Amino acid sequence: MVSLWFNNGSLSSYLSNHEAMDLSGRQGLLFDIASGLRYLHSRGVVHGDLHGGNVLVDEKGRACLTDFGLSEIIQDFPGTSYLKSGACTALRYADPELVRQVHADARVVYSTKPSDVYSFGGLTLYVLSGKQPYEGIREFVLCTIILSGDRPLLPVDDGGISPQHESLIQRCWSPKETTRPSAEAIVTSLQEMSV
């Protein structure tokens, strides 16, 4: 696979190199990510591995989704699962229901549009606060915490996370997939927040 070169690298490296970025710039990144997710979902594609390492930032500071369609790849190779072999970074963003099915039930599972939305909630936390989901929790206990149903903590009194952003994150992290917003609804919410 051939891809364009992104001078700013991944979202993770971009945020660490631009810690002083204002709220408008951060909201722009979230809007780009949500727009990409809306596009994929409108085409029937589930990203399946949304985290800061799979979002690249171009020379203009625009975010672009990469490595999408993992769920289709998993379907092509039965018996494999990214979450079984996956990195902790992805686990921090993964829908707890997927983690439970893989680690507790030992099933091969496939990502869904609502599981992408759950991951977007983690990205929203990360972009606005600079903190990964479950920040400060060591990898060897992370699975246990996720399986217990605990959601990542939102920073208290963080100037970057407004009540509207907090509400969006909490809706993305809803335990019921059916109550999570669609990618289209997320784009609309972000547009309303930027006015």
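In what follows, a residue is called buried under 20% relative accessible area, exposed over 50%, and partly exposed in between, with a 1.4 Å probe and protein chains only. What we have here is a predicted model, in which local features need pLDDT of at least 70 and side-chain atom pairs count only at pLDDT 80 or more, while totals for chains, interfaces and linings use all residues. Residues are numbered from 1 along each chain as its sequence is written, and side-chain values use heavy atoms, with hydrogens and water left out.

Let me turn to the salt bridges, each being a side-chain nitrogen of Lys or Arg within 4 Å of a carboxyl oxygen of Asp or Glu. The count by this rule is four, and I will go through some of them.

In one of them, Glu 184 and Arg 38 meet through their side chains at 3.6 Å, N to O. This pair links distant parts of the chain, with Glu 184 in helix α10 (residues 183–194) and Arg 38 in helix α2, 146 residues apart; helices here are DSSP runs of H or I with at least four residues, strands are runs of E with at least two, and both are numbered from the N terminus. Glu 184 is partly exposed at 43% relative accessibility, and Arg 38 is partly exposed at 28%.

Because Arg 62 lies in the loop between β1 (55–57) and β2 (63–65), whereas Asp 32 lies in α2, the pair ties together parts 30 residues apart in sequence. Asp 32 is buried, at 11%, while Arg 62 is partly exposed, at 45%.
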